[in-house]
Number of protein chains: 2
Amino acid sequence: MIIDSHGHYTTAPTAHNEWRESQLDAFLTGQAAPAYPTITDDEIRETIEQNQLRLLTERGADMTIFSPRASAMAHHEGDLAVGSSWARACNDLIARVVDLFPDTFIGVCQLPQFAGDPLDAAVAELERCVGMGFVGLNLNPDPSGGRWSSPPLTDRYWYPMYEKMVELDVPAMVHVSASCTPVFHATGAHYINADTTAFMQLLQGDLFGDFPALRLVIPHGGGAVPYHWGRYRGLADMLKKPPLATHLMQNVFFDTCVYHQPGIDLLFEVIDVDNILFGSEMVGAVRGIDPTTGYYFDDTKRYVDALDLSDVDRTKVYSGNARRVYPRLDASLRAKGL
Amino acid sequence: MIIDSHGHYTTAPTAHNEWRESQLDAFLTGQAAPAYPTITDDEIRETIEQNQLRLLTERGADMTIFSPRASAMAHHEGDLAVGSSWARACNDLIARVVDLFPDTFIGVCQLPQFAGDPLDAAVAELERCVGMGFVGLNLNPDPSGGRWSSPPLTDRYWYPMYEKMVELDVPAMVHVSASCTPVFHATGAHYINADTTAFMQLLQGDLFGDFPALRLVIPHGGGAVPYHWGRYRGLADMLKKPPLATHLMQNVFFDTCVYHQPGIDLLFEVIDVDNILFGSEMVGAVRGIDPTTGYYFDDTKRYVDALDLSDVDRTKVYSGNARRVYPRLDASLRAKGL
């Protein structure tokens, strides 16, 4: 079984995206948001069958841990109430995808977060989504959209979320959204910077001393971290922290959203195989075909298949680690005899 | 000949650093800054001989392209006048190091930059320093210190500096300074993020269409870029830019400040050898010994030595590329018969 741990509903029906626009327009003009539109099951089926499901089949993966489009979370738009309605709409749409394709998708939720506001609404939405069968959440370390106005992930500001995550036994993928500054291109700078930043925040703190059962997935292959693994080992030493293996790597996981073979080779050379989850971010940030290979840049399964891994390790990367990090996914699969 | 392209005077005499503190104190209380202290040649000699020169000799390199301590540039402190005095003091100290050790060090200057202010003072200081024999400059893409309030490097705001650089035939290393936000650890997040951000800004624009002779060095092995080289190739394609080889890589160079062998291996696997300059950032960000090798993390010469490079390519990385990117360094060496 091959589980893609990182997929977003980037192909949601047009009516969903148009409602978001009208919701934000209504906010800006002080009006009530319009009613959420009717979207038929067929419309949802079509957006999935022509995109994620087609590519999953073509590439030979079995299922995707599926969440709303990351760049469209846009926590910096509107206010917390607007973000709460938007998160509910996005998560309800994910739940419908999962209902329509229960063997192929399982849900991860978007949270209502607004920079400076407490996390109560986010905690409540997480509980609601787990009640619908979701198995994890996307946590935005910078809901300001590139202004970085929130405290580091090790700050007690975030603890109510971590407490709920531990209680529900769900992990978070640390994932920013759109950038509202021209300085940071979203998928080319802001995403990767956020991954690097999150890891360094965790390195400086002792979050897993307080939450030994907490699990965080840092996507996009861990940002710059594996490439600079010596720098991070050295900084841990300079900051008098324990070695990374014990300080962070019981609780932090990277995915394989690295879009060329040398990057995947490096990832597996420096990061323990127990900490790597297969992922593609498909259909996502980079949609073209690599002229040097003739295959899609984000067909990360090809890169993983090309590694000289034992069967045991390959199973870990393709399914075992995801089932361990997302226990509710594991329970769901077991209930199906998988 | 082995040229370390990336060294900072991180071991400057205490009196120099204390003056900076008193200068900032004076600014905050509305007083005039005290006179710059007397620092003897022997004091400078001692700080160099016990540190950079000792390590250069131990590691087997010949000279360093030397600039003021990057984290102490702190362009966000004080105002432009304060920053101008500080840049002059730092650059004058570098000039004295070069005068005392002319065969071992050559200068790169710090600029007076203040977020939102024009670059006239920076251009003037660059001209002054080149007049003293400096061969390049450090350009801070975020003089706000982590707030990222300046426009992208492709914005016309920066053009007066690029025009002067082309006129003087000097390259810039794109190098941020301290972070004034707890979100970004300076050497573990802000530096690496800035490298990644700068590259993506250049990818989005067409700066080298306007300045075909401009040369920019992105330090720390190019941030996250080589690890995510497929992502950047794919984004160039999505943004309808030319391939990176022609769009950027005639003008952009990376150094070898990557502190473990797998990272250096990847750098050389994906980046053309003509674009890689040997550098260590010594004495710098990571000062300890790697327990897995028994050698200093930042002894990057070991990693480069371990590569299977031809003599021609090794010479490029160790000196030829630096002499090409910094023509005034080349002229200085030629004048010495080197």
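Predicted model: local features only at pLDDT ≥ 70, side-chain atom pairs only at ≥ 80, totals over all residues.
**Entry 1: the interface**

I began with the place where the two chains meet, and I looked up how many residues take part. In this model 53 residues of chain B are in contact with 54 residues of chain A. The size of an interface is often given as the accessible area lost when the parts come together, so I looked up that value next. Chain B and chain A bury about 4400 Å² between them, and 60% of this area is on carbon and sulfur atoms.

**Entry 2: A:Tyr227**

I then turned to chain A and asked where A:Tyr227 is found. I located A:Tyr227 in the loop between strand E6 (216–218) and H9 of chain A. Is A:Tyr227 buried or exposed? Its relative accessible area is 0%, which is under 20%, so I wrote down A:Tyr227 as buried. Leaving out residues up to four places away in sequence, I listed what A:Tyr227 touches, and the list includes A:Leu266 together with residues of chain B, among them B:Tyr227, B:Pro226, B:His260 and B:Leu267. I also compared two kinds of distance: A:Tyr227 and A:Thr197 are 30 residues apart in sequence, and their C-alpha atoms are 14 Å apart in space.

For the largest pocket I noted a volume of about 420 Å³. Its lining has 21 residues, and those nearest the centre are B:Trp229, B:Arg233, B:Pro243, B:Leu244 and B:Ala245. Helix H9 (229–238) and helix H10 (244–247) of chain B are the elements that give two or more residues to this lining, and H9(B) gives the most, with four residues. Sorted by class, the lining of the largest pocket has 12 nonpolar, three polar and six charged residues.

The second largest pocket has a volume of about 350 Å³. I found 18 residues in its lining, with A:Trp229, A:Arg233, A:Pro243, A:Leu244 and A:Ala245 nearest the centre. H9(A) gives the largest share of this lining, four residues, and by class the lining divides into 11 nonpolar, two polar and five charged residues.

**Entry 3: A:Ser179**

My next stop was A:Ser179, which lies in the loop between strand E5 (172–174) and helix H7 (186–204) of chain A. With a relative accessible area of 19%, A:Ser179 falls under the 20% limit and therefore counts as buried. Which backbone oxygens does the side chain of A:Ser179 reach? I noted the backbone oxygen of A:Thr181 at 2.9 Å and that of A:Phe184 at 2.8 Å.

**Entry 4: backbone angles**

Most residues other than glycine have a negative phi, and most peptide bonds are trans, so I looked up the exceptions. A cis peptide bond joins A:Met282 and A:Val283, with omega about -5 degrees, and the bond from B:Met282 to B:Val283 is also cis, with omega near -5 degrees. B:Glu281 has a positive phi of about 60 degrees; I found B:Glu281 in the loop between E8 and H12 of chain B, where it counts as buried at 2% relative accessibility. Phi of B:Ala74 is near 40 degrees, also a positive value, and B:Ala74 lies in the loop between strand E2 (63–68) and helix H4 (80–100) of chain B.

Terms used. Residues numbered from 1 in each chain as written. Chains lettered and ligands numbered in written order. Heavy atoms only, no water. 1 Å grid on protein atoms, 1.4 Å probe; cavity = no way out; pocket = protein on both sides within 12 Å on 5 of 7 lines; lining within 4 Å. Points joined across faces, edges and corners; volume = space filled by probe spheres on them. Nonpolar A, V, L, I, M, F, W, Y, C, P; charged D, E, K, R; others polar. Buried < 20%, exposed > 50% of the residue type's maximum accessible area, 1.4 Å probe, protein only. Polar contact = N/O pair within 3.5 Å; in protein donor to acceptor, adjacent residues only side chain to side chain. Contact = heavy atoms within 4.5 Å. Buried area = accessible area lost by both parts, 1.4 Å probe.
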